[in-house]
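We will go stop by stop.

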Amino acid sequence: MGGGFRSGADRRAGARRRLGFGAMRLPGMPGRHPVDHTTAVAVARRAVELGVAHIDTAAFYTRGSSSANEILRRALRPYPDGLTVATKVGPGQDVRAAVEQNLGELGLDALDLVYVQAGRPGEALAERFARLAELRAKGLVRNLGVADVTRAQFDEARTVAPVSAVQNRFGVLDQSDASLVDECARAGVTYVAHSSLGGGRIRFTDDGLRRVALRHGATVYQVALAWGLARSPTLVQIPGTASLTHLEQNMAALRLELDDHDMATLERLA
Ligand SMILES: NC(=O)c1ccc[n+]([C@@H]2O[C@H](COP(=O)([O-])OP(=O)(O)OC[C@H]3O[C@@H](n4cnc5c(N)ncnc54)[C@H](OP(=O)(O)O)[C@@H]3O)[C@@H](O)[C@H]2O)c1
């Protein structure tokens with residue numbers, strides 16, 4: 001069994017705060033049906049009603065004139081206490097300009113968590129991360145993160161300033177980042193898994209995942225999310241959806257308890 005696996009009460013501790021929401025799909029995605037503004041606002045509000053305490057966004061999550069940040073602002077401002085709204089500085093973006101754009105669009109005086117997103121593997125992050133740290137010193141950003149990073153880039157950022165969170169691709173069907181998940185758990189750093197439903201491709205999945213889902217009368221999406229909650233105590237997932245029904249199904253994954261046999265089956269998938 002891989003490191004980071006927990007059992008019993010430990011496995012469930014804090015799970016509610018670790019099932020977040022990804023806002024990228026709220027403005028709609030190229031090649032998919034447009035999402036109407038009223039539905040997008042309703043999905044964001046329902047997420048918080050259902051207990052979501054971590055929402056992931058970016059100023060570049062836009063489609064046409066619709067943007068994830070504007071939808072979140074319309075839906076949630078004034079933002080409830082305890083809600084983390086995390087955003088990003090993309091590869092190529094000026095750090096200060098991106099932070100100011102996010103502050104303006106979200107209608108905030110300070111951002112809870114901002115990631116500097118890596119570009120190509122091996123790209124030096126330190127300088128951009130240092131600029132983000134300066135903005136924290138000015139009170140514009142509360143917590144610093146890095147996204148889409150290698151272990152070496154994570155270590156490099158940590159020499160500049162404390163890293164509160166790492167956001168990388170990780171899920172039951174792609175466990176290639178497992179050692180960084182475990183390192184974050186050891187270091188008490190939040191690991192935010194993006195694309196934990198494989199960007200929706202999890203529906204084409206293998207027999208192991210389907211068998212576990214059938215055994216629990218659950219969907220493969222719920223099993224994937226329950227696996228992530230059990231996999232590491234510092235792992236936050238941010239499943240993306242623009243559907244109220246899917247949101248409600250995903251949040252119901254909090255009630256799904258996987259046993260050791262399920263976890264062993266699922267750990268072998270990736
Ligand atoms: N750092 C990065 O580079 C990076 C990259 C990608 C994403 N992200 C972040 O991660 C978040 C999640 O990424 P993602 O949305 O691409 O991937 P995801 O969460 O793995 O999958 C979302 C897809 O699954 C579908 N889905 C979700 N719940 C479902 C359910 N219960 N039943 C059926 N289908 C379901 C969604 O379609 P419907 O809308 O139809 O439900 C959508 O197509 C984004 O919102 C963004 O915040 C970060």
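## The largest pocket

Select Arg-25, Arg-32, Gly-199, Gly-240 and Thr-241: of the 35 residues that line the largest pocket, these lie nearest its centre. On a 1 Å grid over the protein atoms alone, a pocket is an open set of points with protein on both sides within 12 Å along at least five of seven lines, and lining residues have an atom within 4 Å of a point. This is a predicted model, in which local features need pLDDT of at least 70 and side-chain atom pairs count only at pLDDT 80 or more, while totals for chains, interfaces and linings use all residues. Residues are numbered from 1 along each chain as its sequence is written, and side-chain values use heavy atoms, with hydrogens and water left out.

The volume of the largest pocket is about 870 Å³. A volume here is the space filled by probe spheres set on the grid points, which are joined across faces, edges and corners. Colour the lining by class: eleven residues are nonpolar, 17 polar and seven charged. Nonpolar covers Ala, Val, Leu, Ile, Met, Phe, Trp, Tyr, Cys and Pro; charged covers Asp, Glu, Lys and Arg; the others, Gly among them, are polar.

Next, highlight β8 (165-169) and α10, which each supply at least two lining residues. The largest share, three residues, comes from α10. Helices (H or I, at least four residues) and strands (E, at least two) are DSSP runs, numbered from the N terminus.

## The ligand

Where does the ligand sit? It sits in the largest pocket; that is, more than half of its atoms lie within 2 Å of the pocket's grid points. Show its shell: 27 residues surround the ligand, with Arg-25, Asp-56, Asp-148, Thr-241 and His-246 the closest.

Sort the shell by class and you get eight nonpolar, 14 polar and five charged residues. Helix α10 (residues 244-251) gives the most to this shell, with three residues.

Now look for polar contacts, pairs of N or O atoms within 3.5 Å; within protein, one must be able to donate a hydrogen and the other to accept it, and residues adjacent in sequence count only if both atoms are side-chain atoms. Pick the backbone of Ala-242: one of its polar atoms is 3.1 Å from a ligand oxygen. At Ala-23, a polar backbone atom is 3.4 Å from an oxygen of the ligand. At Ser-196, the corresponding value is 3.5 Å. Taken alone, the ligand exposes 900 Å², and the protein buries 89% of that. Accessible areas come from the Shrake-Rupley method with a 1.4 Å probe; for residues, only the protein chains shown count as cover.

Stay on Asp-148, in the loop between β7 (141-147) and α6 (151-158). Its phi is near 60°, a positive value in a residue other than glycine.

## The second largest pocket

Select His-54, Thr-84, Leu-113, Thr-190 and Val-236, the closest to its centre among 14 lining residues. Five of the lining residues are nonpolar, six polar and three charged.

## The cavity

How many cavities of 30 Å³ or more does a search of the whole structure find? It finds one. A cavity is a set of grid points where a 1.4 Å probe fits but cannot get out. Select its lining: Gly-20, Phe-21, Pro-239, Thr-241, Leu-247, Asn-250 and Met-251. Helix α10 gives the most here, with three residues.

## Last stop

Finish at Pro-78, in the loop between α3 (68-76) and β5 (84-89). The peptide bond from Arg-77 to Pro-78 is cis, with omega near 5°.

Terms used
Near = heavy atom within 4 Å.
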